[in-house]
Amino acid sequence: ARGLCRCLQRCVVQPSAPHRLVWDACAIVTVIYDAFMIPLMGVFDIVVTPALFSASLFVAVFWTLDMVSNFFTGVSTGDFLEMRWCHIARMYLRTRFVPDLLIITVDWLFIALWIGERVN
């Protein structure tokens, strides 16, 4: 386990790293898309077009990759920035991992249902 932690440690980034800030900006855009589309699709019987399916697939892939990236992004704990991979992973698993996993699982289930409807 220690060897794995040491190996993965090289992938940890600071939350203020430029590429992480770009990722977070993309997350904001994706949240806005979700905030608009989820209620819209829940209220209206919207036909899933190839464009809508592609957008939903992109969002599901993005949030899945975001879950992975959360294992490798430093976490601020008060006055301290935790940058040790094992501690970051443990904190993520104890806090936001389960809700993130449940939400992304629902996204992937809807995609699987759409694919199933299209096949049938």
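Throughout the tour, two residues are in contact if they have heavy atoms within 4.5 Å of each other. This is a predicted model, in which local features need pLDDT of at least 70 and side-chain atom pairs count only at pLDDT 80 or more, while totals for chains, interfaces and linings use all residues. Residues are numbered from 1 along each chain as its sequence is written, and side-chain values use heavy atoms, with hydrogens and water left out.

**Stop 1**

Start by selecting Gln-14, which sits in the loop between helix H1 (2-9) and H2. Helices (H or I, at least four residues) and strands (E, at least two) are DSSP runs, numbered from the N terminus. Is Gln-14 buried or exposed, or partly exposed? It counts as partly exposed, because its relative accessibility is 41%; buried means under 20% relative accessible area, exposed over 50%, and partly exposed in between (1.4 Å probe, protein chains only).

Now show what touches Gln-14. Leaving aside neighbours within four places in sequence, Gln-14 is in contact with Arg-20, Leu-81 and Met-83. Draw a distance from Gln-14 to Met-83: their C-alpha atoms are separated by 7.4 Å, although the two residues are 69 residues apart along the chain.

**Stop 2: Leu-81**

Move on to Leu-81, in strand E2 (residues 80-82).

**Stop 3: helices H2 and H3**

Next, select helix H2 (residues 18-43) together with H3. Two packed helices are described by the angle between their axes and the distance between the axes. Here the axes are 10 Å apart and the packing angle is about 135 degrees. Axes are lines fitted to C-alpha atoms, for helices over the stretch in contact, and angles run from 0 to 180 degrees between N-to-C directions. That angle makes H2 oblique to H3; angles under 35 degrees count as roughly parallel, over 145 as roughly antiparallel, 65 to 115 as roughly perpendicular and the rest as oblique.

Colour the side chains where the two helices meet. On H2 they include Trp-23, Cys-26 and Asp-34, and on H3 they include Val-59, Phe-62 and Trp-63. The residues of this contact of H2 with H3 divide into 13 nonpolar, four polar and three charged. In this grouping, Ala, Val, Leu, Ile, Met, Phe, Trp, Tyr, Cys and Pro count as nonpolar, Asp, Glu, Lys and Arg as charged, and the others, Gly among them, as polar.

Zoom in on Asp-34 of helix H2. Asp-34 counts as buried because its relative accessibility is 17%. Not counting residues up to four places away in sequence, Asp-34 touches Pro-39, Val-59 and Trp-63.

**Stop 4: helices H3 and H5**

Among the residues that make the contact are Phe-53, Leu-57 and Trp-63 of H3, with Leu-101, Trp-108 and Ile-115 of H5. By class, the contact of H3 with H5 has 13 nonpolar, three polar and two charged residues.

While you are on H3, pick Val-68. With a relative accessibility of 45%, Val-68 is partly exposed.

**Stop 5: the cysteines**

Finally, look for disulfides, each being a pair of cysteine sulfur atoms within 2.5 Å. How many disulfides does a search of the whole structure find? The search finds zero. For Cys-7, the nearest cysteine sulfur is that of Cys-11, 6.8 Å away. Cys-7 is partly exposed, with a relative accessible area of 39%. For Cys-26, the nearest cysteine sulfur is also that of Cys-11, 20 Å away. Cys-26 is partly exposed too, at 37% relative accessibility.
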